[in-house]
Amino acid sequence: MTPALQPLRRIAAYCVIADSDEFLLVRASAKSGTPGVWSLPGGAVDHGENPVDTVVRETAAETGLSVAVAHLRDVIADMRALPDRGLTIHTDRLIYEVTMRGGALRDRVGQPTDLARWVTREEAEQLPLRRFTADALGLVEAAVDLRPDGVPEVPSFYAVPGPDGLHRAQRFAAYAVCTDRRSRVLLTRISEGYPGGGSWHLPGGGTDFGEQPGVALIRELVEETGQEGRIVELLGVASHRDAAQLGPEGYPIDWHGVRAFYRVHVARSSRPVIHDVGGSTAEARWFDPEELDELALTEVTEEALRGVGLR
């Protein structure tokens with residue numbers, strides 16, 4: 001049994017680098033919470049940073065290699081217990097595939113990782129791997145992360161004072177480009193008093209501590225619209241920062257949102273019903289594609305609909 005641990009949440013980005021039949025892995029040093037454990041190159045997304053930039057920056061720092069992001073491979077979440085540090089950490093992880101642009105492999109001294117090595121799948125099987133790395137390489141039995149005994153109760157949103165005294169918040173969320181058999185698009189109208197109040201937005205929202213993005217999205221879809229959907233595909237991830245966002249809290253927040261977007265299909269659509277009354281969703285409706293031009297859409301909704309050919 002693990003003792004009661006302080007919850008901590010973060011967003012991180014990693015990459016899969018393959019060369020012939022080898023993968024590049026990095027080893028956690030004695031300065032990390034899991035010394036000796038191997039993982040994909042990458043690390044925490046800084047406040048306001050685009051995860052694509054995180055992958056390039058962290059890979060260069062940990063390995064000495066310059067990479068270019070090719071495409072998004074997966075979005076997952078996991079919890080791990082670190083009893084020695086008194087923490088239960090939930091991490092939303094973005095996994096990218098990259099190509100190498102140059103550089104030379106090197107080791108590090110006095111940093112959270114100390115080695116970078118090319119290994120075959122057979123060699124990786126013999127190494128202690130972080131769970132997300134083992135999953136990405138299809139080597140589940142090699143995972144060594146300690147799972148917590150339960151999910152701690154954590155507020156869905158909280159802001160903390162930054163180094164300049166302004167409150168900061170970094171939040172991971174999942175949203176749906178949701179359609180039904182009639183090719184209608186499901187949208188939600190943001191309540192007044194929230195950022196973007198009165199505009200139409202994609203259904204979805206922030207994920208809870210210990211919750212997978214896809215699970216959170218289906219939950220949010222039911223809470224905001226009463227529709228039961230099926231995830232068809234992961235469309236991508238977007239990063240947005242508003243350095244002084246105003247919302248119902250009543251004071252400016254340096255806000256950084258990282259959002260995963262999915263295509264979702266509702267086989268048996270019905271008239272939308274809001275179950276989470278009094279929250280950020282004021283209305284939910286199905287729209288024919290030709291009606292979208294008449295709506296005041298949020299910028300992120302415009303981009304997502306355009307990306308799937310609905311604008």
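**Terms and basis**

Contact here means heavy atoms within 4.5 Å. The model is predicted, so local features need pLDDT of at least 70 and side-chain atom pairs count only at pLDDT 80 or more, while totals for chains, interfaces and linings use all residues. Residues are numbered from 1 along each chain as its sequence is written, and side-chain values use heavy atoms, with hydrogens and water left out.

**Nonpolar cores**

A nonpolar core is a set of buried Ala, Val, Leu, Ile, Met, Phe, Trp, Tyr and Cys residues joined through side-chain atoms within 4.5 Å; buried means under 20% relative accessible area, exposed over 50%, partly exposed in between (1.4 Å probe, protein chains only). The largest core has 26 residues, and Leu94, Phe172, Cys178, Tyr262 and Val264 have the most contacts inside it. Two or more residues each come from strands S1 (6–16), S6 (65–82), S7 (87–103), S10 (167–180) and S15 (253–266), and from helix H4 (213–225). Helices (H or I, at least four residues) and strands (E, at least two) are DSSP runs, numbered from the N terminus. S15 gives the largest share of this core, five residues.

Beyond its neighbours within four places in sequence, Val264 is in contact with residues including Cys178, Leu217, Leu221 and Ile231. A second, separate core of 21 residues includes Leu25, Leu40, Leu115 and Ala136.

**Largest pocket**

A pocket is an open set of points on a 1 Å grid over the protein atoms alone, where a 1.4 Å probe fits, with protein on both sides within 12 Å along at least five of seven lines; lining residues have an atom within 4 Å of a point. The largest pocket holds about 1,100 Å³ of space, the volume being that filled by probe spheres set on the points. Of its 41 lining residues, Arg171, Tyr175, Pro195, Trp255 and Ser280 are the closest to the centre. Strand S14 (230–245) gives the most to this lining, with five residues.

**His256**

His256 lies in strand S15 and is buried, with a relative accessible area of 0%. Its side chain makes a polar contact (N or O atoms within 3.5 Å, one able to donate a hydrogen and the other to accept it; residues adjacent in sequence count only if both atoms are side-chain atoms) with the side chain of Gln170 at 3.1 Å. The His256 side chain also reaches the backbone nitrogen of Gly48 at 2.9 Å.
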